[in-house]
Amino acid sequence: MNYGKSGLKKQIHSCSSKSARRKTKAGVLTFKAFLTGILALIVLMISVGLGMFRGILNSAPDLNTLDMSPNASATIIYDAEGNEIQTLVMAGSNRQPVEYSEMPENLVNAFIAIEDSRFWDHNGVDIKGLTRAAFQGLVSGELDQGASTITQQLIKNVAFGGGMETSFGSKVKRKVQEQYLAIQLEKTMDKEIILQNYLNTINLGANTLGVQAASERYFGKDVSELTLSECAVIAAVTSNPTRYNPITHPEENVKRRDIVLEYMQEQGYISEVEQKEAQDDDVYARIQEVDAARDSESSIYSYFVDETIVQVLADLQEKAGYSETEARTMLYSGGLRIYTTQDPKLQKIVDEEISAPENYSNSEIRYSFTYRLSVTHPDGNTENYSENNIKAWLRQKNGGEPVKLIYETEEEIRQIVAEYRATVVSRQDTIPGERLDITLQPQSSCVLMDQETGYILAISGGRGEKTASLSLNRATDTLRQPGSTFKVLTAFAPALDSAGSTLGSVYYDAPYSLNEKDFANWWGNHYVGYANIRDGIVYSMNIIALKSLMNTVTPQVGYQYALDFGITSLVESRTDETTGEVFTDIGAPLCLGGITDGVSNLELTGAYAAIANQGIYTEPIYYTRIVDRNGKIIIDNQPETHTVIKESTAWLLTNAMEGVCQYSLLYGHSDIPTSRTETKLEGIPTAAKSGTTTNTNDIWFVGYTPYYTLGIWQGYDENAELTTGPDVRIMWHNIMSRACEGLPAKEFPEKPSNIEEVSICHKSGKLAVPGVCDADPGGNMVYAEYFARGTAPTEVCDHHTRVTVCRLSGVLATEFCPEPLRENRIYRTLTDEATGNTDDSAFLLPESLRNSTCPIHTGYPFPFMTGEEQPSESASPEESSQSPSQTPVQSPSQTPAQQQTPAPETPAPEQSAG
């Protein structure tokens with residue numbers, strides 16, 4: 001078919017038009033499909049976004065379960081006068097919450113000006129601020145740059161741990177939840193409370209959380225006392241606590257502080273004049289001064305704080321029901337307030353006297369040491385060494401001889417340590433840790449307490465600088481042999497209290513052996529014969545204590561009394577797993593203080609406090625109450641009490657121990673004193689007991705006044721003999737006299753109504769016989785003793801005998817000896833069980849008088865011997881004796897032990913007829 005050119009063109013054009021129309025239509029359909037897809041995608045994305053948003057909100061923390069108040073804060077310990085003595089803090093808990101009303105207005109305004117200028121107007125989220133910061137946040141990924149309100153920051157700190165997310169998605173999720181919760185929170189919480197919680201929560205550098213902790217750290221003052229410039233300094237820290245720390249980076253903080261002041265002026269909180277004055281304030285010089293003063297103060301806990309921590313941790317578990325972990329967390333980050341019994345004035349006295357060089361001998365200044373060394377060898381093995389290794393090394397060098405790590409100079413110690421170190425460390429070794437601590441010797445410990453309340457008023461665990469917290473406290477951690485202080489607790493107290501003995505009960509002081517062990521008195525192998533319990537206390541007589549325990553009390557009862565007095569370190573029975581040897585404190589050495597492990601100063605002082613408290617033991621305590629951060633009392637610390645001895649027993653023991661505190665001599669002896677040092681106070685009665693162990697390794701003096709009970713120990717940390725030095729009584733007297741200075745005159749508790757006074761014979765403990773007991777050849781043996789009603793003797797003295805001697809013949813007179821020649825003489829007598837050579841032996845009836853009678857006057861008249869003649873001097877060993885009327889009865893404070901009447905010579909054998 002032939003269409004021609006024009007027809008062909010038309011045909012071609014028609015085809016092209018149809019094709020174009022088809023393409024256009026397809027394009028429109030495609031565009032519509034694309035547009036529909038985009039819309040569907042947007043709808044899908046919105047739906048997914050809404051779902052995700054809903055999911056984020058639904059997964060947000062429950063606002064009702066969040067506590068907006070700070071959940072970790074420092075614990076503060078106060079003394080008895082309300083002074084803060086220690087802050088206990090762990091990382092993240094150095095916070096001291098305060099009320100909004102305590103915060104100065106400038107401080108609140110400073111934070112609002114720099115952190116959230118529209119705080120009072122928004123509903124938790126600042127839309128304007130959010131919009132302003134949105135672009136910067138999206139670009140940098142730091143969504144907190146200026147976008148968070150104070151409400152949001154509070155929620156971030158409380159609900160989200162400060163916002164420590166690492167991924168962008170996590171930050172977005174937290175930010176959405178934070179804003180949502182901020183809006184919800186402001187519906188239910190007053191803005192002032194929000195501000196209060198925020199300002200108590202924020203990190204303000206230098207390990208401080210909250211404005212109160214920051215105020216004390218930087219300015220040494222309460223937050224309520226801050227000036228405008230100081231408020232601005234603290235507000236400047238919060239955006240970057242490290243960069244703007246005013247101690248370490250004052251040049252950065254001042255820039256930020258000036259911005260804070262500028263914002264405050266722009267927002268109408270302060271005037272330009274106030275702004276200029278604050279900027280001119282040299283606040284950073286004050287900050288450095290406070291920091292320097294803080295550095296100069298020891299951050300080491302005192303001995304008192306150490307013991308308070310120990311007792312609080314135990315009580316939080318035992319009394320409040322916390323686990324050990326919970327108790328420790330509560331103590332160091334629970335914001336507790338612990339009110340202690342420490343008397344700051346008394347603690348100062350104790351610290352001064354314990355450290356005073358004059359209370360120690362200059363000739364006995366020594367040093368000991370502790371040593372820790374860790375050595376890592378090339379093979380990776382690490383070995384640890386201590387002073388015990390050095391001691392073993394020295395002992396080996398000395399041929400196995402015992403070694404005491406006590407030296408005259410510190411240089412000696414460093415030289416010995418260096419020599420030992422060279423034996424265990426090679427050039428290839430590395431030293432991960434090494435420490436040498438040198439300690440002044442001899443050491444001391446001291447406990448001062450109120451016997452009525454059980455309050456520990458002051459304590460010292462040693463002399464010299466304390467170099468670590470929760471370190472060795474010699475007053476509580478160290479067990480030492482108590483020596484003669486245990487005589488009262490285990491022998492004499494139970495003897496008087498339940499065994500029927502009295503202060504006048506006598507025992508024969510003579511050589512004593514038990515279980516193949518020989519015992520003697522502290523002054524050596526010299527014995528006085530019959531002596532009573534009062535003598536045993538005042539002159540610390542070992543044999544009297546031993547016989548009282550073994551013959552009257554029994555060791556088991558004495559052991560039980562010690563337990564009742566609060567002594568917990570005794571050993572009932574213990575077997576050494578290596579040697580099989582059995583140890584027990586139920587035995588004769590108990591009353592002499594010879595016990596397995598020893599006793600602490602705290603427990604020994606507490607035991608004597610029970611006597612001072614009329615026989616009632618009161619558990620020693622360091623604090624009165626623990627209060628949580630909301631003011632709720634967690635523990636009201638009431639000490640446990642129980643009766644150990646009767647009131648009458650306590651009074652009798654006190655009366656006897658008063659004699660220990662004043663100088664006197666044992667009757668007939670110028671070499672056996674109570675002490676050369678008087679410890680009696682002027683105007684205030686004192687009662688005490690000394691204690692010294694074998695070889696003078698330990699010296700004690702424990703006693704009391706009507707106000708306080710005080711126990712002091714001195715000795716070497718490593719048992720060694722104290723060779724010289726002032727009597728420990730001097731330190732005791734110095735502390736007690738200063739502690740009682742200015743206090744009103746006060747007496748010990750009144751004599752109980754069941755205490756009576758009876759005149760007895762010192763040698764028998766029985767009723768005195770006039771003309772006999774007071775005519776003892778060694779001096780007047782009659783004195784007035786105190787007795788609990790029903791215990792006074794009813795029998796008359798049987799330890800004296802009166803004989804009539806003919807002055808002419810010198811032997812027993814007959815009925816025919818003329819009256820002028822008859823002379824009454826007094827001699828002492830012994831019971832069958834009284835054996836051994838003693839002072840009494842010199843005053844016994846001579847053997848020549850026992851069975852011999854006058855051979856001259858036999859009934860036959862001898863006109864040249866009528867009695868008018870004077871007898872020869874050799875016929876009478878004594879010319880006269882004291883008559884009863886010339887010898888007044890003595891009081892317990894003037895016992896024969898203190899009369900100092902010299903003993904007459906024993907009649908010579910040739911003066912008595914054979």
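Select Tyr385, Trp393 and Tyr420: ring pairs link these residues into a cluster. Rings of Phe, Tyr and Trp (its six-membered ring) pair if their centres lie within 6.5 Å; planes under 30 degrees apart count as stacked, over 60 as edge-to-face and the rest as tilted. This is a predicted model, in which local features need pLDDT of at least 70 and side-chain atom pairs count only at pLDDT 80 or more, while totals for chains, interfaces and linings use all residues. Residues are numbered from 1 along each chain as its sequence is written, and side-chain values use heavy atoms, with hydrogens and water left out.

By the ring rule, the count comes to 15 aromatic pairs. Next, select Phe304 and Tyr622, an edge-to-face pair with 5.5 Å centre to centre and 80° between the planes. Phe304 is in helix H12 (residues 303-318), and Tyr622 is in the loop between strand E15 (616-618) and strand E16 (623-627), 318 residues apart. Helices (H or I, at least four residues) and strands (E, at least two) are DSSP runs, numbered from the N terminus. Phe304 counts as buried because its relative accessibility is 1%; buried means under 20% relative accessible area, exposed over 50%, partly exposed in between (1.4 Å probe, protein chains only). Tyr622 is also buried, at 3%.

Move to Phe701 and Trp732, edge-to-face at 5.3 Å centre to centre and 85° between the planes. This pair links strand E20 (residues 698-704), which holds Phe701, to helix H23 (residues 728-740), which holds Trp732, 31 residues apart. Phe701 is buried at 0% relative accessible area, and Trp732 is buried at 0%.

Finally, select Arg463 and Tyr360: the charged end of Arg463 sits over the ring of Tyr360, 3.6 Å from its centre. A charge sits over a ring if NZ of Lys or CZ of Arg is within 6 Å of the ring centre and within 35 degrees of the ring normal. Lys517 lies over the face of Phe519, at 5.5 Å from the ring centre.
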